[in-house]
Every structure is written in C-alpha cells, then in structure tokens.
Amino acid sequence: MQDDGKLAAIRLRIDALDTELLRLLSERAACAQQVAEVKRAAGESAFYRPEREAQVLRQVAATNPGPLPEEAVTRIFREIMSACLALERPLTVAYLGPPGTFSQDATQKHFGQAASSLPQATIDQVFREVDAGAADYGVVPIENSTEGAVTHTLDMFLSSPLKVCGEVELAVHQQLLSRAADLSEINKVYSHAQSLAQCRRWLVGHLPGVTAEAVSSNAEAARRAASEDGAAAIAGESAGRLYDLPCLAANIEDEPGNTTRFLIIGSQDTQPSGRDKTSLLLSTGNRPGALASLLEPLRRHGISMTRIESRPARTGRWQYVFFIDIEGHVRDAPVQQVLEELREVTALCKVLGAYPRAAGDAP
C-alpha cells in the first residue's frame with residue numbers, strides 16, 4: 001500500500017508537469033505567431049531561419065541536464081520548432097522520394113513532422129521544384145561515408161542558381177526486409193545500388209548466390225519485396241513500416257558508422273550561426289600547380305577544408321571543377337580574404353552557400 005501511495009504521488013506530479021508543459025508550449029506557440037506578425041508588418045518573407053534553429057538546438061544540447069540523452073532532447077525541440085513554424089507559415093520541402101527512403105528520414109530529421117513534404121522521382125526534379133517556387137526547400141544527398149560523393153547532386157550545382165542553406169547527417173542502418181520466414185527462402189534481393197554496395201560483404205556472407213537487383217530507391221525495393229514470394233529488400237525501418245515488411249536482419253551495413261550527408265537547398269542566403277560551413281565551386285586552367293594555387297590561400301589564412309571533390313566541367317575535354325567545403329561563414333573576415341585571393345587565381349569562384357554545420361559535427 002505504501003508503494004501504491006508513492007506511485008500515485010509520482011503520477012500526480014507527472015500530471016501537474018504535463019499541464020505546465022502544455023501551458024508553456026502554448027505560450028511559445030503564441031510567441032511564434034507574434035514573430036510572424038512582426039515579420040509580415042516589416043514585409044519579410046523568410047519565416048524559416050536555419051541559423052536561428054541551429055543556435056536553439058545547440059543551446060538545448062549544451063544545457064541539457066539529463067537524464068534524457070542529447071539526441072532525444074534535440075529531437076523533441078526540433079518538433080516543437082517545426083510545429084510553431086507551421087503556425088507562422090507551413091514549409092513545403094521537396095526530397096528524393098518516394099516515401100520510405102532515407103531522404104525522407106533526413107527531411108523529417110531536419111524540418112520536423114509539421115513540414116509538408118513533396119517526394120520527387122529524381123534529384124533534378126528536387127532542384128526544379130525549389131527553383132520554380134513549388135517547394136520552399138529541397139533535401140538532396142551529397143555524400144556517403146562508405147560510397148563517397150553523389151555526383152548527380154554535384155553536377156546540378158554547375159547550372160543551378162539555388163544555394164546551400166543547411167546540411168543534415170543521417171546514420172544509415174540497413175535492414176533486410178521480407179515476408180519470408182528465414183534467409184533460406186530468399187531468392188532475390190532488391191535495393192538501391194548504393195545500399196547494395198554498402199551491404200556487399202554481408203550479402204556475400206549470408207546470401208551467397210542470391211540475385212541482387214538494383215532499383216530506383218529502397219522504398220521501391222520494399223514495394224517489390226512486399227508483393228513477391230521469396231523476395232527481400234535492403235532498406236530502412238521507415239520503408240519496412242510503410243510496406244508492413246518484417247525485418248529478418250538488422251543493421252547489415254558493412255561499416256557500422258555508415259552515414260549519409262544531405263544538403264538543404266533553397267533560394268535564400270543564411271546568416272552566420274556561430275558554427276558554419278561554406279561550400280565553393282572553383283575552376284582553374286589546366287596548368288602545373290593549379291590545384292595548389294586553390295589550396296594555398298586556405299593554408300595561409302588558417303581555414304580548414306573539410307571536403308574536396310572534382311567533376312568534369314562540361315566545357316571541354318579534361319577540364320574540371322572543384323567542389324570545396326571550408327569551415328567558417330562567407331561573412332567571416334578570414335573567409336572573405338580567402339575568397340578575394342581565390343578570385344585572382346581562378347576562372348570561376350562561386351559561393352554555393354554558407355550554412356550551419358550539422359548537429360553533432362565536431363566543433
């Protein structure tokens with residue numbers, strides 16, 4: 001009876017806290033509506049501020065007293081901000097679909113559940129929807145820690161006027177999904193080519209001789225596996241839920257730290273958040289020391305380069321452009337000095353965007 005009394009007292013305290021939480025959430029939502037009114041009165045159209053959200057989430061993570069883990073707390077606050085932003089003006093976000101893909105997971109991780117998502121069949125279509133104004137933002141994959149760059153996304157920046165407004169990193173855990181009772185019943189595995197590559201060793205070790213067929217997306221793989229006897233799909237948990245497919249084997253990726261980085265694309269510039277990256281598109285003549293001339297200003301001004309990729313320039317044989325990510329915001333004085341020097345030694349120096357570094361990225 002004493003334990004029952006303690007339990008009842010704890011539950012009463014939880015009820016009181018829930019009531020207070022609801023009051024505070026409603027007060028925060030009302031403040032968001034007031035922000036919208038001020039912005040409309042000032043003629044401002046940019047209701048979503050990536051740098052502001054990044055600052056809020058960093059502050060939440062830094063001051064989290066526990067016992068909830070940092071990831072859980074930031075996810076809760078992301079959803080609070082998403083719901084409050086929807087009261088100001090709901091966002092529409094295009095992503096590489098269909099529903100059930102890791103791109104949708106990345107979209108929801110960055111924008112929350114309150115954003116309206118538009119699945120697109122190709123990366124090109126994501127860019128077009130944002131450029132045409134049918135979507136406020138787009139989410140496109142840019143690189144995977146195991147398989148490297150997504151070259152199609154890189155190539156789109158050669159001609160697109162859109163800017164990089166943010167990034168999101170998603171831990172990619174691959175699941176083997178099937179209606180089969182066990183592995184012995186599987187005679188075909190469907191998945192996207194990158195996911196098949198990420199699970200190559202597991203497939204050889206556990207399903208030797210089984211046909212692996214690449215399809216347009218992991219969600220498409222799950223759709224096929226759901227309708228074919230003896231078929232399985234390599235996909236994420238969301239695809240399994242979407243097509244009601246049981247998981248026969250979890251986390252079958254060959255590299256446990258497998259992560260995909262996505263870029264947020266839009267038409268607006270992003271203000272400094274205090275912990276930023278800048279993405280550049282550079283080209284130079286085919287001459288000795290050309291690449292060194294691009295990197296020297298970074299060394300001289302103490303700017304760290306976090307990534308470099310080269311792609312054909314499409315302007316002539318054996319001509320290349322370089323995609324470079326550096327630490328810092330384009331408005332930072334050292335970055336501005338670097339850009340001034342780069343413009344003197346390059347045929348093209350284009351700022352693709354400056355944006356907050358992904359949550360969890362090393363300081």
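**Figure 1. Secondary structure of the predicted model.** The protein contains 12 helices and 15 strands, taken as DSSP runs (helices H or I, at least four residues; strands E, at least two) and numbered from the N terminus. The C-alpha trace spans about 80 × 60 × 35 Å along its principal axes. Of the 363 residues, 45% are buried, that is, under 20% relative accessible area with a 1.4 Å probe, protein chains only. This is a predicted model in which local features need pLDDT of at least 70 and side-chain atom pairs count only at pLDDT 80 or more, while totals for chains, interfaces and linings use all residues. Residues are numbered from 1 along each chain as its sequence is written, and side-chain values use heavy atoms, with hydrogens and water left out.

**Figure 2. Packing of helix α2 (residues 50-63) on helix α3 (residues 70-88)**. The two axes, lines fitted to C-alpha atoms over the stretch in contact, come within 9 Å and cross at roughly 145°, on a scale from 0 to 180 degrees between N-to-C directions. Glu53, Val56, Leu57, Val60 and Ala61 of α2 meet Glu70, Val73, Thr74, Phe77, Arg78, Met81 and Leu85 of α3, contact being heavy atoms within 4.5 Å.

**Figure 3. Parallel pairing of strand β1 (residues 92-96) with strands β2 (residues 116-120) and β3 (residues 137-144)**. Pairing requires at least two DSSP bridges between two strands. β1 is joined to β2 by 5 bridges, with Val93 opposite Ser117. To β3, β1 is joined by 3 bridges, and Ala94 has Gly138 as its bridge partner.

Definitions and conventions. Buried < 20%, exposed > 50% of the residue type's maximum accessible area, 1.4 Å probe, protein only.
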